[in-house]
Amino acid sequence: MPDAPFPPAPPEALRALLARASVPPRQLHDPAPDAAALSQAVAAAACAPDHGGLRPWRFLGIRGQARAALGALLAESMLKRDPTAPEARLDLERAKPLRAPLVVAAGAAIRAHPKIPAWEQEASAAAGIMNFLNALDAMGFGCCWLSSPALQDPEIKTALGFAETDRLLGWIYVGTPEAERPRPQRPAPEGFWRDWQPA
Ligand SMILES: Cc1cc2nc3c(=O)[nH]c(=O)nc-3n(C[C@H](O)[C@H](O)[C@H](O)COP(=O)(O)O)c2cc1C
């Protein structure tokens with residue numbers, strides 16, 4: 001029998017995938033992953049399928065005082081969308097990035113390509129984010145992938161140093177979970193799979 005092209009996935013890798021769970025940002029504390037752990041998580045992101053080798057994965061770390069500066073940008077963005085937003089609502093927006101020690105703005109660098117449309121590049125970037133989350137979770141860190149209307153605000157993108165053609169896909173809150181996280185009940189897999197039988 002020929003050798004299998006890949007060794008079977010070690011069961012612990014599968015166990016880690018099946019155990020992954022988001023941690024609410026307020027339950028994430030210091031320490032955030034260090035440079036070595038983040039490097040491994042980004043290396044995992046760079047294992048995502050990538051049509052044409054376009055490498056669309058982009059991760060921007062925001063920590064310390066920079067989180068307050070991000071909060072100010074988020075509040076400005078909200079005020080642009082809703083000039084009547086009350087100060088208390090703006091304060092909530094300002095405080096959001098302070099909930100966890102590390103906020104990662106995750107994006108996709110989209111290139112014009114004759115064969116590879118933007119959606120494929122976004123899909124690869126999203127797959128990269130998923131690998132990033134799985135890697136950090138497997139290392140014992142907690143993460144939560146959140147969105148907000150500010151992701152669509154071109155001024156936020158520019159302020160964070162992303163290119164006009166980049167697409168922001170999420171805010172990833174990262175830290176050490178405050179307690180053993182609850183593992184949510186997951187839906188039965190049968191509902192998501194079917195085999196096609198030609199008529
Ligand atoms: C692109 C994307 C954006 C998301 N944005 C939000 C969000 O803004 N607010 C939220 O409560 N959950 C959001 N989620 C869902 C959470 O990341 C998380 O999956 C959810 O809380 C369920 O937890 P679980 O990952 O353990 O199943 C988003 C997920 C994705 C993939």
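Student: What should I know about the source, and how many helices and strands does the protein have?

Tutor: This is a predicted model, in which local features need pLDDT of at least 70 and side-chain atom pairs count only at pLDDT 80 or more, whereas totals for chains, interfaces and linings use all residues. Residues are numbered from 1 along each chain as its sequence is written, and side-chain values use heavy atoms, with hydrogens and water left out. Helices (H or I, at least four residues) and strands (E, at least two) are DSSP runs numbered from the N terminus; here there are six helices and five strands, in the order α-β-α-β-α-α-β-α-β-α-β.

Student: How is the length of helix 5 to be read, and which of its residues are buried?

Tutor: The expected span of a helix is 1.5 Å times one less than its number of residues. Helix 5, residues 118-138, has 21 residues and should therefore span 30 Å, which agrees with the 30 Å between its end C-alpha atoms. Buried means under 20% relative accessible area, exposed over 50% and partly exposed in between, with a 1.4 Å probe and protein chains only; in helix 5 the buried residues include Q121, S124, A125, G128, I129 and F132. An α-helix has 3.6 residues a turn, so residues three or four places apart point the same way. Contact means heavy atoms within 4.5 Å, and the cover over the buried residues of helix 5 includes helix 1 (11-19), helix 2 (35-45) and strand 3 (102-109).

Student: What surrounds Q121, and what does its side chain reach?

Tutor: Q121 lies in helix 5 and is buried, with a relative accessible area of 2%. Leaving aside neighbours within four places in sequence, its contacts include L54, P56, A108 and I116. A polar contact is a pair of N or O atoms within 3.5 Å; within protein, one must be able to donate a hydrogen and the other to accept it, and residues adjacent in sequence count only if both atoms are side-chain atoms. The side chain of Q121 reaches the backbone oxygen of I116 at 3.0 Å.

Student: Which residues surround the ligand, and which atoms approach its oxygen and nitrogen atoms?

Tutor: A residue is near a molecule or strand if one of its heavy atoms lies within 4 Å of it, and the ligand is surrounded by R20, A21, S22, W145, L146, S147 and R186. A polar side-chain atom of S22 lies 2.6 Å from a ligand oxygen atom, a backbone N or O atom of W145 lies 2.6 Å from an oxygen atom of the ligand, and a side-chain N or O atom of S147 is 2.9 Å from a ligand nitrogen atom.
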